[in-house]
Structures are given as C-alpha cells and as structure tokens.
Amino acid sequence: IPFGGLVKIKAYDITGKEIITLVNEYKQAGRYSVDFNGSNFSSGVYFYTFESNKFVQTNRMVLIK
C-alpha cells in the first residue's frame, strides 16, 4: 500500500453476493498479506475487490478443492 488509509478487501461469489470481508481497517503504508480460508466454500470462481483511498481493483480467483 503506497499510502496509509482505510483498506477493504472483500470476496464475492459468481452471482456478486458478498461472502466474506477479509480486511476493513486503517493500514499504514507498507506490504501486507491476507490469508483466505476457503474450506467453507465450494469449488468455483470467486471475485475479490481491493479498495484503498481512491483506488479500487477487482480480480478473479479460482478455488479448487
């Protein structure tokens, strides 16, 4: 994260329903990692969004069990 600010990372299922919020807190500038435990979810395609300051990025992930 290049600048400190409120950081949100949320995961969504293929229909766009929010399934989990991984991060929702203020973070200082720096490098971070987040663990996602998908044991409660079925295999398939999911999306996650990363929001920080005025930056928003959505990516796809595939969960394979």
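Two strands are counted as paired if DSSP finds at least two bridges between them. Helices (H or I, at least four residues) and strands (E, at least two) are DSSP runs, numbered from the N terminus. By these criteria, six bridges join β1 to β3, and the two strands run antiparallel. The structure is a predicted model, in which local features need pLDDT of at least 70, side-chain atom pairs count only at pLDDT 80 or more, and totals for chains, interfaces and linings use all residues. Residues are numbered from 1 along each chain as its sequence is written, and side-chain values use heavy atoms, with hydrogens and water left out.

The chain contains four strands and zero helices. Its pattern along the sequence is β-β-β-β. The C-alpha trace spans about 35 × 20 × 15 Å along its principal axes. Accessible areas were computed by the Shrake-Rupley method with a 1.4 Å probe; for residues, only the protein chains shown count as cover. The accessible surface of the chain is about 4,900 Å². Carbon and sulfur atoms account for 51% of that surface. Residues are called buried under 20% relative accessible area, exposed over 50%, and partly exposed in between (1.4 Å probe, protein chains only). Of the 65 residues in the chain, 23% are buried.

Contacts were assigned where heavy atoms lie within 4.5 Å. Among contacts between residues at least 6 apart in sequence, 44% join residues at least 24 apart. For charges, Lys and Arg count as positive and Asp and Glu as negative, while His and the chain ends are not counted. Each charge is placed at NZ of Lys, CZ of Arg, CG of Asp or CD of Glu. The chain has 8 positive and 5 negative charges, and their mean positions are 4 Å apart.

Strand β1 covers residues 5-12 and pairs with β2 in the antiparallel sense over eight bridges. A11 has I20 as its bridge partner in β2. The two strands form a hairpin with five residues between them. In the turn, G16 has a positive phi of about 95°. Strand β1 also pairs with β3, as described above. There, the bridge partner of I9 is F50. Six of the eight residues of β1 are buried, so the strand is largely enclosed by the rest of the structure.

A second hairpin is formed by β3 and β4, with two residues between them. These strands pair in the antiparallel sense over nine bridges. N53 is found in the loop between β3 (44-52) and β4 (55-63). N53 has a positive phi of about 55°, although it is not a glycine.

L6 lies in strand β1. L6 is partly exposed, with a relative accessible area of 44%. Its C-alpha atom is separated by 4.2 Å from that of Y26, a residue 20 places away along the chain. Leaving aside neighbours within four places in sequence, L6 is in contact with N24, E25, Y26, E51, S52 and N53.

S52 belongs to strand β3. S52 is buried, with a relative accessible area of 6%. Neighbours within four places in sequence aside, S52 is in contact with I1, F3, L6 and V7.

K27 lies in strand β2 (residues 18-27). K27 is buried, with a relative accessible area of 19%. Not counting residues up to four places away in sequence, K27 touches I1, G4, G5, V7 and Y32. A polar contact is a pair of N or O atoms within 3.5 Å; within protein, one must be able to donate a hydrogen and the other to accept it, and residues adjacent in sequence count only if both atoms are side-chain atoms. The side chain of K27 makes such a contact with the side chain of E25, at 2.9 Å.
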